[in-house]
Amino acid sequence: MNRVHTTGFILHVRPYRDNSHILDLLTEAEGRTACLFRGRSQKARSFARYELAWQGRGELKTLSLLEEQSAVVLAAQRLACGFYVNELALKLLPSQIPLEGFFEDYAHTVAALARPDEDLEPLLRGYERSLLHYLGEGLESIDLAALEPEDCYVYEAQRGLRLAGPGERSRGPCVHGETLRELLGGGVQTPRGRQEAKRLLRGLLDHHLQGRRIMSRALFPGAAGQRQENQEP
């Protein structure tokens, strides 16, 4: 029987039966995977890094080691951001396929969420970009030198970048060349650019979600109103 020993994070805990739980994990060795955990659910918490071991051959392995190595405490809006980060990974990452570099990107994001002086918007945009990279969106292939700062562009999922048509410039998911340069070159600073970057990346994520809702977005301020997009990071 195969045994795996690695480190990882808990993305989600689901009750199973006979006081057992299914843990959805993000691990160094196998990427996103699920394990059966027999024990108190209080021992299994999100935003903590664990030493893990499991065994089994099917999709659902049996966890034999769950030892906390480190943890962060998130509250209020930062906790909502943590749930958002976990839900994206849970719903978009392929099962049992380790993605080189993403585990480190996730760990960095969780650690940064716990720092009270960390600006949430660029942190989340960086995480969304990382996830989209592993989903096959080639934003990094855009030729930044060819972009005109005040020209409007449309980035279509799985197809790439093009100039926006006349009817698209006043509506739809248009993004200025200046925003793309900042997004891919180190950080978006202007209010217009931050709004465009968020709309662009969220639109690409929604394409890959294929109609599945991200429930954690409802936890952000203004989620019940019409200005949600302006109030969530």
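Buried denotes a relative accessible area under 20%, exposed one over 50%, and partly exposed the range in between (1.4 Å probe, protein chains only). The model is predicted: local features need pLDDT of at least 70, side-chain atom pairs count only at pLDDT 80 or more, and totals for chains, interfaces and linings use all residues. Residues are numbered from 1 along each chain as its sequence is written, and side-chain values use heavy atoms, without hydrogens and water.

Select A76 to begin. This residue lies in helix 1 (residues 76-92); helices (H or I, at least four residues) and strands (E, at least two) are DSSP runs, numbered from the N terminus. Although A76 is not a glycine, its phi is positive, about 55°. Is A76 buried or exposed? A76 is exposed, with a relative accessible area of 69%.

Next, select F47, in the loop between strand 3 (31-38) and strand 4 (48-55). F47 also is not a glycine and has a positive phi, about 65°, but F47 is buried, at 6% relative accessible area. Most residues other than glycine have a negative phi.

Now colour by pLDDT, the predictor's confidence in each residue, from 0 to 100. The protein chain averages 89, and 94% of the residues score at least 70. Where pLDDT is low, the predicted coordinates should not be read in detail.

Finally, display the whole chain, with its six helices and eight strands. Of its 233 residues, 45% count as buried.
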